[in-house]
Amino acid sequence: MAPLIAGNWKMHGSLASAAALAGAVRAGWQARQGAAELLVCPAAIHLPAVAAVLAGSPIAWGGQDCHAAPQGAHTGDIAAPMLADCGARYVILGHSERRAEHGESDVAVRAKAMAAAAAGLRPILCVGENEAERNAGQAEARVGAQLRGGVPAGFAGDIAYEPVWAIGTGRTPTEAEVAAMHGFIRATLRDVLGAGGAAPRILYGGSVKPGNAAALLGLAEVGGALIGGASLKAEDFLAIAMAARG
Ligand code: PGA
């Protein structure tokens, strides 16, 4: 599979600015035609506007979260079939901000991943240790527990390794640390999914910028990037995408 370069727009923008950003990404990507697969994940309420701009382009759009149920009395939530109905192909699940601000457990993330798959969406399941866990030498234990608890059998999606302390901080692990963690995630996934299971891409996320993208994307087992802040600027997002080799 081509490397996946995914933009997580989080809780930013307006209808007009989201459509404009999507338009700039579309035009810029058409001019460049890199090897990566591109995805943007705007706020759910902006999805139809972004979909209208990106329809007919190679750029996919997706959600930032979904509920575990396909429908029902869940005020304020978004069901996976609703995202699919908006043409979404992907959904980010278990982002550290969801885990921290909404108390999402690995069990909840697992249920969401199954709901996403049932709706025909490809989940991007986020894992990552916090700073205290990294300093205590517990990073692999934390990520391993998140994978074993959150990845359902038959998982056909992607994983994003996002150290919590690298998100929005301008700090990243060293290249050796990223490579080691991605190798650990690959080995754990083989164990969890079995030898015959699908091989998810393992994205790196956390302060990916045009200046560090080529080095990070060139590491073994780094199959793409999940980008927050830099995905809000079309030029930066596209520069990161061009750093990905097919
Ligand atoms: P960042 O966010 O690129 O702003 O560090 C990454 C993310 O939260 O997915």
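1. A backbone N or O atom of Ser-207 lies 2.8 Å from an oxygen atom of the ligand. Taken alone, the ligand exposes 280 Å², of which the protein buries 97% (Shrake-Rupley areas, 1.4 Å probe). This is a predicted model, in which local features need pLDDT of at least 70 and side-chain atom pairs pLDDT 80 or more, while totals for chains, interfaces and linings use all residues. Residues are numbered from 1 along each chain as its sequence is written, and side-chain values use heavy atoms, without hydrogens and water.

2. The ligand is surrounded by 13 residues (a heavy atom within 4 Å). Lys-10, His-95, Glu-162, Gly-168 and Ser-207 are the closest. By class the shell has 4 nonpolar, 7 polar and 2 charged residues, with Gly counted as polar and Glu and Lys as charged.

3. Strand E2 (residues 37-41) has 5 of its 5 residues buried (under 20% relative accessible area, 1.4 Å probe, protein chains only; strands are DSSP runs of at least two residues, helices H or I runs of at least four). Glu-37, Leu-39 and Cys-41 lie on one side, Leu-38 and Val-40 on the other.

4. E2 runs parallel to E1 (residues 4-8) through 5 bridges, with Asn-8 opposite Cys-41. E2 is also parallel to E3 (residues 60-63), joined by 2 bridges, and Val-40 stands opposite Trp-61.

5. E1, helix H1 (residues 15-32) and E2 make a right-handed β-α-β unit (clockwise from first strand over helix to second, with the strands pointing away from the viewer). E2, helix H2 (residues 47-54) and E3 also make a right-handed unit.

Terms used
Buried < 20%, exposed > 50% of the residue type's maximum accessible area, 1.4 Å probe, protein only. Pairing = 2+ DSSP bridges. Polar contact = N/O pair within 3.5 Å; in protein donor to acceptor, adjacent residues only side chain to side chain.
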